[in-house]
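Biologist: Could you take me through this one slowly? I'd like to know where each label comes from.

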Amino acid sequence: MHGFTDAEVALGRVADVEKAARARSGWHARYLWAFAAGQLVLVPIAVLWHGFASAMAFGFVNMALVTGLSLYAARQRVVRRGFGVKHGVIVGTWAAVFVLTVTLGNTAFANSPAFAAAAALTCALPLATGAWLDMRRSS
């Protein structure tokens, strides 16, 4: 019977680690789905509400969302190759869309519930797309 070489054993370990990483990397999709859901609350607050109460509500909801997501992400032990770049592109795209929609919502479309609803969905789109792609990759 032929024994395995060191290279074959090492390749087997690599395959096992990659399989485990793929199976445990679904956390990022859940993170992105939660972040996307948060947009459905944060964007209307930023676009429709004004003044001190709006700033306080936005700050509180945003702080709760970011804190919860950060604690969740910090507890995860597995990230796939290329995670940093992929996450950076998703969050960077979201940030650009968020800034644009909030700017438009407070200037050209002030006090427009229809714009706020469309803006919330638009801000959630990059995050939901990233989550959907992550789910496809980890299955």
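Biologist: Which residues have the most contacts inside the largest nonpolar core, and how many residues does that core have?

Modeller: The core has 27 residues, and Phe35, Val43 and Leu127 have the most contacts inside it. A nonpolar core means buried Ala, Val, Leu, Ile, Met, Phe, Trp, Tyr and Cys residues joined through side-chain atoms within 4.5 Å. Before we go on: this is a predicted model, where local features need pLDDT of at least 70 and side-chain atom pairs count only at pLDDT 80 or more, while totals for chains, interfaces and linings use all residues. Residues are numbered from 1 along each chain as its sequence is written, and side-chain values use heavy atoms, with hydrogens and water left out.

Biologist: Which helices each supply at least two residues of this core?

Modeller: Helix 2 (27–48), helix 3 (52–74), helix 4 (83–106) and helix 5 (113–138) do. Helix 2 gives the largest share, 10 residues. Helices here are DSSP runs of H or I with at least four residues, numbered from the N terminus.

Biologist: What makes His28 buried?

Modeller: Buried means under 20% relative accessible area, exposed means over 50%, and partly exposed is in between (1.4 Å probe, protein chains only). His28 has 2% relative accessibility, so it counts as buried. This residue is in helix 2. Skipping neighbours within four places in sequence, His28 is in contact (heavy atoms within 4.5 Å) with Phe83, Lys86, His87, Ile90 and Asp134.

Biologist: And why is Arg77 called exposed?

Modeller: Its relative accessible area is 81%, and the cut-off is over 50%, so Arg77 is exposed. You'll find Arg77 in the loop between helix 3 and helix 4.

Biologist: How do you know that the span of helix 2 agrees with what it should be?

Modeller: The expected span is 1.5 Å times one less than the number of residues. For the 22 residues of helix 2 that should give 32 Å, and the end C-alpha atoms are 32 Å apart, so the two agree. Helix 2 does bend by about 30° at Gln39; the bend is the angle between axes fitted to the seven residues ending there and the seven starting there.

Biologist: Why are helix 2 and helix 4 called roughly parallel?

Modeller: They pack at an angle of about 10°, with axes 11 Å apart. Axes are lines fitted to C-alpha atoms, for helices over the stretch in contact, and angles run from 0 to 180 degrees between N-to-C directions. Under 35 degrees counts as roughly parallel, over 145 as roughly antiparallel, 65 to 115 as roughly perpendicular, and the rest as oblique. The angle therefore makes helix 2 and helix 4 roughly parallel.

Biologist: What about helix 4 and helix 5: parallel or antiparallel?

Modeller: Their angle is about 175°, with axes 9 Å apart. That is over 145, so helix 4 and helix 5 are roughly antiparallel.

Biologist: What makes Thr101 buried?

Modeller: Thr101, in helix 4, has 7% relative accessibility, so this residue counts as buried. Beyond neighbours within four places in sequence, Thr101 is in contact with Val47, Phe115, Ala119, Thr122 and Cys123. The cover over the buried residues of helix 4 includes helix 2, helix 3 and helix 5.
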